[in-house]
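Subject: Model handover and findings

Hello,

Here is the model we talked about. Please open it alongside this note, and then read on for what turned up.

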Amino acid sequence: MARGRLWEFRRPAVMGILNVTDDSFYDGGRYRSDEAILKRAQEIVDEGADIIDIGAASSRPGAVLPPREVEAARLAEAVQLVRTILPETLISVDTCYAMPARKAIEAGADIVNDIAGGELDEAMFDTVAELQVPYILMHGGKEHLAGIKQMDVADPVDELTKFFSARLDRLYRLGVKDIWLDPGLGFAKTMEQNFELLDRTDEFVSLFREPVLIGLSRKRMIYTTLGTTPAEALNGTIALDTIALDRGAAVVRVHDVKPAVETVKLLYRN
């Protein structure tokens with residue numbers, strides 16, 4: 001439910017990434033001017049994306065999050081700008097903090113995408129409950145931003161199940177109604193843990209009623225395995241997105257919208 005409207009997807013949704021930062025790992029600095037932001041937003045929709053995910057703070061390894069006021073201003077400005085040409089498109093905002101999330105929703109965004117799962121800002125859960133917007137709850141973001149590179153666990157699915165179960169209980173008690181889960185591939189996980197979680201997507205999906213979002217676009221687990229670079233990781237991204245979709249992912253978050261949309265169409269032909 002967003003803006004008082006029930007949105008239904010008959011097949012998995014594609015979320016197109018729009019980073020308005022200088023230092024994102026793949027497309028940092030490309031979309032800072034108003035013209036570039038508007039052009040990219042229109043491209044994302046024209047290529048078939050269901051959601052635009054706007055981020056104003058990089059979560060690449062070693063990144064330093066901007067002050068909350070700076071992030072809030074960037075997000076709100078970008079959301080307002082995109083809304084001038086795309087009044088009906090679903091917009092999510094990628095932020096770990098309650099204040100930027102609030103400002104972005106007030107500017108016209110629909111969904112809060114929190115890579116820190118509420119762990120970097122105690123006010124996040126209360127804010128999402130107050131705003132009554134869908135919330136994407138991700139695992140591993142806090143540890144990733146702190147430089148922790150892996151979970152010290154025997155079973156990553158069991159660890160994520162405990163993490164999400166505890167937070168879902170809190171969120172539902174607060175009155176949040178629409179929650180999506182993101183296992184956080186590439187965040188505080190070893191290569192082996194990333195691939196194990198991907199391989200076991202169907203098992204993870206079966207444990208929760210909430211939709212599962214997979215975001216692995218051009219990530220290190222792809223280009224390191226292939227011995228290439230993020231710029232050369234499109235084929236690997238599509239290959240792994242196909243696995244995730246085939247095993248039950250409800251949303252894929254991508255830099256390259258058209259290939260992802262085509263992949264969904266081929267897998268879900270009816």
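The C-alpha atoms of Asp199 and Met15 are separated by 21 Å. Along the chain, these two residues are 184 apart. Please keep in mind throughout that this is a predicted model.

The sheet

Eight strands make up an open sheet. The order is S6-S5-S4-S3-S2-S1-S8-S7, and the pairing is parallel. Strand S6 (179-182) and strand S7 (213-214) are the edge strands. Each of them pairs on one side only.

Strand S2 covers residues 51-55. Five of its five residues are buried, so the strand is described as mostly covered. In a regular strand, side chains alternate between the two faces of the sheet. On one side of S2 are Ile51, Asp53 and Gly55. On the other are Ile52 and Ile54. All of these are buried, and both faces of S2 are covered.

S2 has partners in S1 and S3. Strand S1 (residues 13-19) runs parallel to S2, and five bridges join the two. Asn19 stands opposite Gly55 in S2. Strand S3 (residues 90-94) also pairs with S2 in the parallel sense, over five bridges. There, Ser92 in S3 is the bridge partner of Asp53.

Further along the order, strand S4 (residues 111-114) pairs with S5. The sense is parallel, over three bridges. Asp114 stands opposite Leu137 in S5.

Aromatic rings

How many aromatic pairs does a search of the whole structure find? The search finds five. One of them is Phe125 with Tyr135. Their centres are 5.7 Å apart, with 80° between the planes. The pair is edge-to-face. Phe125 lies in helix H4 (residues 124-131) and Tyr135 in strand S5 (residues 135-138), so the pair ties together parts that are ten residues apart in sequence. Both Phe125 and Tyr135 are buried.

Phe204 and Phe208 form another pair. Their ring centres are 5.5 Å apart and the planes stand at 55°, so this pair is tilted. Phe204 is buried, at 3% relative accessibility. Phe208 is buried too, with a relative accessible area of 12%. Ring pairs also link Phe204 and Phe208 with Phe163 and Phe164 into a cluster.

Two arginines lie over ring faces. Arg68 is over the face of Tyr97, at 4.0 Å from the ring centre. Arg209 is over the face of Tyr172, at 4.8 Å from the ring centre.

Cavities

How many cavities of 30 Å³ or more are there? The count comes to two.

The largest cavity holds about 70 Å³ of space. Its lining consists of Ala57, Ser58, Ser59, Leu65, Glu71, Asp94, Thr95, Cys96, Tyr97 and Ile115. By class, that lining has five nonpolar, three polar and two charged residues. Tyr97, one of the lining residues, is also the ring under Arg68.

The second largest cavity has a volume of about 30 Å³. Pro183, Leu185, Leu197, Leu198, Thr201, Phe204 and Ile214 line it. Helix H7 (191-199) and helix H8 (201-207) are the elements that give two or more residues to this lining. Six of the lining residues are nonpolar, one is polar and none is charged.

A pocket

The second largest pocket has a volume of about 450 Å³. It is lined by 24 residues. Which of them lie nearest its centre? They are Trp7, Phe9, Asp178, Trp180 and Pro211. The lining of this pocket has 17 nonpolar and seven charged residues, and no polar ones.

Best wishes

How values were computed:
Residues numbered from 1 in each chain as written. Heavy atoms only, no water. Phe/Tyr/Trp six-rings, centres within 6.5 Å; stacked < 30°, edge-to-face > 60°. Helix = DSSP H or I, 4+ residues; strand = E, 2+ residues; numbered from the N terminus. Buried < 20%, exposed > 50% of the residue type's maximum accessible area, 1.4 Å probe, protein only. Lys NZ or Arg CZ within 6 Å of the ring centre and 35° of its normal. 1 Å grid on protein atoms, 1.4 Å probe; cavity = no way out; pocket = protein on both sides within 12 Å on 5 of 7 lines; lining within 4 Å. Points joined across faces, edges and corners; volume = space filled by probe spheres on them. Nonpolar A, V, L, I, M, F, W, Y, C, P; charged D, E, K, R; others polar. Pairing = 2+ DSSP bridges.
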